[in-house]
Amino acid sequence: VQLQASGGGLVQAGGSLRLSCAVSGRTRSSYGVGWFRQPPGKERKFVAAISWSGTTTYYADSVKGRFTISRDNAKNTIYLEMNSLKPEDTAVYYCADTRFQTTQIHEYDYWGQGTLVTVSS
C-alpha cells in the first residue's frame, strides 16, 4: 500500500487548505485512512480518520468544527478540508492506512511522506 499526501502550503490565519491523500495498492483488509500531524519538535498526533465506507469518521477535539475528512472511493483518495486555520495548526500532515476502526497511531500500518502546512499569524 502506498500513500501520497499533497496540498500543503503557506496560508494566513483564518484561511483554508485542502489536503489530498492518494492511496494505491489498497488491500481488502484496509478499513480506512487517517490524518496525523507533527508540529516542529513535537510528537505526531491524530487529526481525523474515515472508513472507506464513509460511515465512520473521527476527529481530534482540536479540529472539530473546522476540519472535514472525506473520501472518493473511485479515485482512492482521502481529503482533509481545513478551515479557520490557526498558527497552532502548523505541522507536517501525514496520511496513513489502517485495518482497524481506530485513532491510535500504532495501529496504522502504511504511511505517506507528509505535506507541510504553515499557518502565519
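Is G14 buried or exposed? With a relative accessible area of 53%, G14 is exposed (exposed means over 50%, buried under 20%, and partly exposed in between, using a 1.4 Å probe and protein chains only). Before the rest, a bit of housekeeping: this is a predicted model, where local features need pLDDT of at least 70, side-chain atom pairs count only at pLDDT 80 or more, and totals for chains, interfaces and linings use all residues. Residues are numbered from 1 along each chain as its sequence is written, and side-chain values use heavy atoms, with hydrogens and water left out.

**Overall fold**

- The protein chain has zero helices and eleven strands; helices (H or I, at least four residues) and strands (E, at least two) are DSSP runs numbered from the N terminus.
- The radius of gyration is 13 Å, close to the 14 Å that the globule rule gives for 121 residues, so the chain is as compact as a globular protein of that length. That radius is taken over C-alpha atoms, and the rule is 2.2 Å times the number of residues to the power 0.38.
- Along its principal axes, the C-alpha trace spans about 45 × 30 × 25 Å.
- Of the 121 residues, 43% count as buried.
- Take the contacts (heavy atoms within 4.5 Å) between residues at least 6 apart in sequence: 55% of them join residues at least 24 apart.

**The disulfide**

- There is one disulfide in the structure (a pair of cysteine sulfur atoms within 2.5 Å).
- C21 and C95 form it, with their sulfur atoms 2.2 Å apart.
- The pair ties together distant parts of the chain: C21 sits in strand β3 (residues 17–24) and C95 in strand β9 (residues 91–98), 74 residues apart.
- The torsion about the S-S bond is about 80 degrees, so this disulfide is right-handed.
- C21 counts as buried at 0% relative accessibility, and C95 is buried with a relative accessible area of 0%.

**The nonpolar core**

- In soluble globular proteins, nonpolar side chains tend to be buried together.
- Here the largest nonpolar core has 31 residues, and W35, L80, M82 and Y93 touch the most other members. Such a core is a set of buried Ala, Val, Leu, Ile, Met, Phe, Trp, Tyr and Cys residues joined through side-chain atoms within 4.5 Å.
- Strands that each supply at least two residues of this core include β1 (2–6), β4 (32–38), β8 (77–82) and β11 (115–120).
- β5 gives the largest share, five residues.
- Leaving aside neighbours within four places in sequence, L80 is in contact with residues including W35, V47, F67, I69 and Y93.

**Two loop residues**

- T56 is in the loop between β5 and β6 (57–59), and at 15% relative accessibility T56 counts as buried.
- The T56 side chain makes a polar contact with the side chain of Y31 (3.3 Å). A polar contact is a pair of N or O atoms within 3.5 Å; within protein, one must be able to donate a hydrogen and the other to accept it, and residues adjacent in sequence count only if both atoms are side-chain atoms.
- Not counting residues up to four places away in sequence, T56 touches Y31, A49, I50, S51 and Q101.
- G14, back from the opening question, lies in the loop between β2 (9–12) and β3.
- Beyond its neighbours within four places in sequence, G14 is in contact with S84 and L85.
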